[in-house]
Amino acid sequence: MDRATRAAQQVDDQFYRVLTVLRAVTLVYAVGINAARWRDFEHPGAAWVLIGVMVVWSGVVTWLYEPRHRATWVFIVDMAITLALLRSTEYTHTDEMLAAHTFTLTTYWVTTVVLCWAVRWGVTGGLLATAIVQSVDVTMRPSVNSSTVGNIFLMVLAAMLVGYCAHALRVAAVRRVEAERLAATAAERERLARAVHDGVLQVLALVQRRGAEIGGDAAELGRLAGEQELALRSLIQSRARGEVALDGELTDLGQALDQLAGPKVSVATPSRPLMLPSDVAGEIVDAVRACLSNSIIHGGVDTSAWILLETGDGRLVVSVRDDGPGIPPGRLEQAESEGRLGVATSIKGRLRDLGGTAELIDTAGQGCEWELCVPLEQMPPVPQKR
Amino acid sequence: MVRVMVVDDHPLWREGVARDLTEAGLEVVATAANGTEAINRVLATRPEVLLLDLNIPAPDGVEVTATLTQRGLDTKVLVLSASGEQQDVLDAVKAGASGYLVKSASREALLDAVQAVARGESVFTPGLAGLVLGEYRRLSEAPPTDEPDAPRLTDRETEVLRLVAKGLTYKQIAERLVLSHRTVQNHVQNTLRKLQLHNRVELVRYAIERGLDD
């Protein structure tokens, strides 16, 4: 069992412990009430036997609600026995007592099983249990009066409240465990990042610079060191930003784009994370990758590229520029009309699928520049981390 | 001759950079390995440019920058960072740093940057431009109660900053927008200055609020 599940279960355990107390208190109340009026019963002997069953069952079911026995059948059996005891009121009580709306044999003791259902299955479970218990109660009375309605109302309130609280506390417990885990992971990563920064990155950067100055084979070494330095830096950078989405379905687009950085590729992103559904982020990164390969195809391997991520006005914009020869106006349309589906078409297609656009910007001879826009309305809200 | 001070906790790096600067004819007036040394030696030697690593033993680079700004010194801070800590770089710039360079930048790029900063210019990498754009965006989207009097970029400044973030040189930007090189430089500098001013106002406001609460 993982820590989150265990935390949720601890919340449940506490609720059932409280309900054990409630069961004991309502049991004492029921025994007391019935002891005070046992001469009024139509069948006092049977009433005492049934009260005995109630006491014994209270003990047994308390044991059954322990974490190691707690299973769905326990809740159902508890409900069945409670209903049977409740319904036996019809036998023990006189018709006058039923008509006068005196307490049932079980009195408030029936509430416990309703609340157990509420803890187990939330508001829905609580309301269902209320409906079952109250329909059994109401149908044995000749008429409905204000106190019956009042009882139903109170039980509905209690079931909803307990059902909601149990759910909310479970969610809170799971989140807390998750937050603690994230904090611990982040602290560890920061320590690692610092250690790596102090040593490896500095040396790699130095090798790169000195290598370039010495030239020859050393320049090649320097270039390799530079590549590794960048890769390591972007890794640490993303780690330091602590981007581990609470919801596994989300990805920080900024961090994803950072991974594309290289000796010839510079990436500029805002410091705030931009959390997007992972598949959307993946599509955008793939489109950017396609832009980059397009740059290399047209401009050669020495082409430099710059990626810029911006948000605002309800949309995100990723610009990808290179310093290659550029694409002459009308060139794409011509290729398309000739039936050649190139990289450009696939970039446009990907963006269209996301409800966005991909445009080639006229840069007046300053390389080739793509602007990829995606509307953000459909996206989940951005979690605030800072 | 530009007077420079180098702050880095890594001796190999510190000496290497200092040697590069000296060979290029600049005067390295001091070096320091941590924040406290850095502040003390800046006060003692008054360099024109402080070449500052952000990841140094406390007080860190951001705090050193803030302290120097508060003291109203003329020393320009050029942040040199290896691990590209985005938030730290942004914080340092808001605290008053004039520019930012990654450590793997070539010797020529480093020397150019030191000279530019000494002349009073801002040194922007595309990465830093992206951060600054993001920061203005954050300020414009924050509720007015959280960020009163938040600075705004003019359309022209946004345009220029976006082009810097897309890797264009000031010369290329000037060509594309049909502006002078100087005007481009001014626009870039204004974006930083507004952010730094706002940051100082915020600090004062914060100090006053704290003072009233005590």
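A residue counts as buried when its relative accessible area is under 20%, as exposed when that value is over 50%, and as partly exposed in between, with a 1.4 Å probe and protein chains only. The structure is a predicted model, in which local features need pLDDT of at least 70 and side-chain atom pairs count only at pLDDT 80 or more, while totals for chains, interfaces and linings use all residues. Residues are numbered from 1 along each chain as its sequence is written, chains are lettered from A and ligands numbered from 1 in the order in which they are written, and side-chain values use heavy atoms, with hydrogens and water left out.

Chain A contains 12 helices and seven strands; here helices (H or I, at least four residues) and strands (E, at least two) are DSSP runs numbered from the N terminus. Contacts are defined by heavy atoms within 4.5 Å. Of the contacts in chain A with a separation of 6 or more, 70% involve residues 24 or more positions apart. The accessible surface of chain A (Shrake-Rupley method, 1.4 Å probe) is about 19,000 Å², and carbon and sulfur atoms hold 62% of that surface.

Chain B has nine helices and five strands, arranged along the sequence as β-α-β-α-β-α-β-α-β-α-α-α-α-α. In this chain of 214 residues, 53% are buried. Its accessible surface is about 9,200 Å², with 51% belonging to carbon and sulfur atoms.

Where the two chains meet, 39 residues from chain A and 43 residues from chain B take part in the contact. The size of an interface is often given as the accessible area lost when the parts come together. For chain A and chain B this buried area (1.4 Å probe, summed over both parts) is about 3,400 Å², and carbon and sulfur atoms give 47% of it.

Nine salt bridges link chain A and chain B, each being a side-chain nitrogen of Lys or Arg within 4 Å of a carboxyl oxygen of Asp or Glu. One of them pairs B:Arg162 with A:Glu371, whose closest N and O atoms are 3.3 Å apart. On the side of chain A that touches chain B, helix H7 (146-214) is among the elements supplying at least two residues, as are helix H8 (217-240) and strand S7 (369-375). The largest share, 13 residues, comes from H7(A).

Technical notes: Buried area is the accessible area (1.4 Å probe) that two parts lose on being put together, summed over both.
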